[in-house]
Amino acid sequence: MMKGVLFDLDGVITDTAKFHFAAWSRLAKEELDVELPSSFETELKGVSRIDSMNRILKFANKTNDFSDDEVGIMAAKKNGVYLKEIEKLTSKDILPGIENLLDSLAANNVLLSVASASKNAPFILKKLGLFDRFDAIANPENVSNGKPAPDIFIEAAKQINVDPRECVGLEDAVAGVEAINASGAVSIGIGDAQELHEADTVVPVTSDLSFMLLDQTFGE
Ligand code: B16
Ligand code: MG
C-alpha cells in the first residue's frame, strides 16, 4: 500500500488559478501595457511566481527592460492583488471529493503532504479549514528548482519521512505531472487525459479521486 500522498494545491485542493490569472492580467495591463491571452491561465499553472513573471515579460517583449529589483516589485504587486482575493476563501471553495479523500486516507494511516509551488499555501489551507488535516506542507523556498523539476515533491515526501517511491502524487498541471514522475512517485493527473497523458492515471475531476483509486494506481 502507498505510505504517503503528495498533494498539489491549486487545481487539486482548491481552484486559485482564476485568481492568479486575474491578478497577472491586471499587472500586465497596468505595468506592461499588454493584454494576456486566456491561454496563460493554463500556461502559468504550477509555475512559480518569479517564473510566471518572467514568462509574462517575455510575452510582452520586455525581458531586458527591468532590473531584478523592479521585477521583484512587480511580482509583489501581483501578489498583493491576489492576496485580496484569496482572503475571501472558505471551506466552500474546497474542490469536490477532497475532504472525503483526506478522511479515507487518514483512516488508512496514509501520510498527507502538500507539494505546492505557492508560498501562500499555508494561508490558503487555513482559509479552507484544512491546515490541520495535513502532516506536512513543503516550503517552496527550500527547493532550488520549480516544477517540472521534482524538488518540491521530493521535499514534500521528505517532510513526512517517506520515500517518494512509496507515494502517490496528485496534480492538475503538465509541469506538475512531469515533476511527480521525476520524483519517483506514482502520478495521478486531474483534468484532460490528452494533456496529462504522461500521468500513470488521469481522472477528469477531483470527485473521481478515492482511496481505492489511489491505492490501485499505486499497486499497478
Ligand atoms: P504564489 P500549485 C501554483 O500553485 C500556481 O498554480 C501558480 O499559478 C502560481 O504561480 C504558483 O503556485 C506560485 O504561487 O505566487 O502564491 O507563491 O499548483 O503548485 O499549487
Ligand atoms: Mg496545480
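1. Asparagine 61 has a positive phi of about 60° although it is not a glycine. Its place is in the loop between H3 and helix H4 (68–86). Helices (H or I, at least four residues) and strands (E, at least two) are DSSP runs, numbered from the N terminus.

2. This is a predicted model, in which local features need pLDDT of at least 70 and side-chain atom pairs count only at pLDDT 80 or more, while totals for chains, interfaces and linings use all residues. Residues are numbered from 1 along each chain as its sequence is written, and chains are lettered from A and ligands numbered from 1 in the order in which they are written.

3. Two further backbone features deserve attention. Aspartate 33 also is not a glycine and has a positive phi of about 60°; this residue sits in the loop between H1 and helix H2 (40–43). Aspartate 33 is exposed, with 9 other C-beta atoms within 10 Å. The peptide bond from lysine 147 to proline 148 is cis, with omega near 15°, and proline 148 belongs to the loop between S3 and helix H7 (151–159). Most residues other than glycine have a negative phi, and most peptide bonds are trans.

4. On overall form, the chain contains nine helices and six strands. For 220 residues, a compact globule would have a radius of gyration near 17 Å, and the chain agrees with this at 17 Å; the radius is taken over C-alpha atoms, and the globule rule is 2.2 Å times the number of residues to the power 0.38. The C-alpha trace spans about 50 × 30 × 30 Å along its principal axes. Of the 220 residues, 44% count as buried. Contacts between residues at least 6 apart in sequence join residues at least 24 apart in 63% of cases, a contact being a pair of C-beta atoms, placed from the backbone, that lie within 7 Å.

5. The six strands form an open sheet in the order S3-S2-S1-S4-S5-S6, with parallel pairing. Strand S3 (136–137) and strand S6 (201–203) stand at the edges with a single partner strand each, so one side of each is left without a neighbour in the sheet. Two strands pair if DSSP finds at least two bridges between them. Strand S2 (residues 111–114) is joined to S3 by two bridges, in parallel, and serine 113 stands opposite alanine 136 of S3.

6. In the pairing around S4, S1 and S4 run parallel over four bridges, with glycine 4 having cysteine 167 in S4 as its bridge partner. S4 and S5 likewise pair in the parallel sense over four bridges, and valine 168 has valine 186 in S5 as its bridge partner.

7. S4 is mostly covered, with five of its five residues buried. Cys167, Gly169 and Glu171 point one way from this strand and Val168 and Leu170 the other way, and all are buried. In S5, five of its five residues are buried too: Val186, Ile188 and Ile190 cover one side, Ser187 and Gly189 the other. In a regular strand the side chains alternate between the two faces of the sheet.

8. Helix H9 (residues 211–219) lies across strand S1 (4–7), strand S4 (167–171), strand S5 (186–190) and S6, and runs at about 135° to S5. Axes are lines fitted to C-alpha atoms, for helices over the stretch in contact, and angles run from 0 to 180 degrees between N-to-C directions.

9. The shell around ligand 1 holds 20 residues, the closest being Leu9, Asp10, Ser116, Ala117 and Ser118; a residue is near a molecule if its C-beta atom, placed from the backbone, lies within 6 Å of it. H1 and helix H3 (49–59) are the elements that give two or more residues to this shell. By class, the shell has six nonpolar, nine polar and five charged residues, where Ala, Val, Leu, Ile, Met, Phe, Trp, Tyr, Cys and Pro count as nonpolar, Asp, Glu, Lys and Arg as charged, and the others, Gly among them, as polar.

10. Aspartate 10 lies in the loop between S1 and helix H1 (17–32) and is buried, with 24 other C-beta atoms within 10 Å. Leaving aside neighbours within four places in sequence, aspartate 10 is in contact with Thr16, Ala17, Lys45, Ser116 and Ser118. The C-alpha atoms of aspartate 10 and lysine 45 are separated by 7.8 Å, the two residues being 35 residues apart along the chain.

Note on methods: Contact = placed C-beta atoms within 7 Å. Buried ≥ 20, exposed ≤ 12 C-beta atoms within 10 Å, placed from the backbone.
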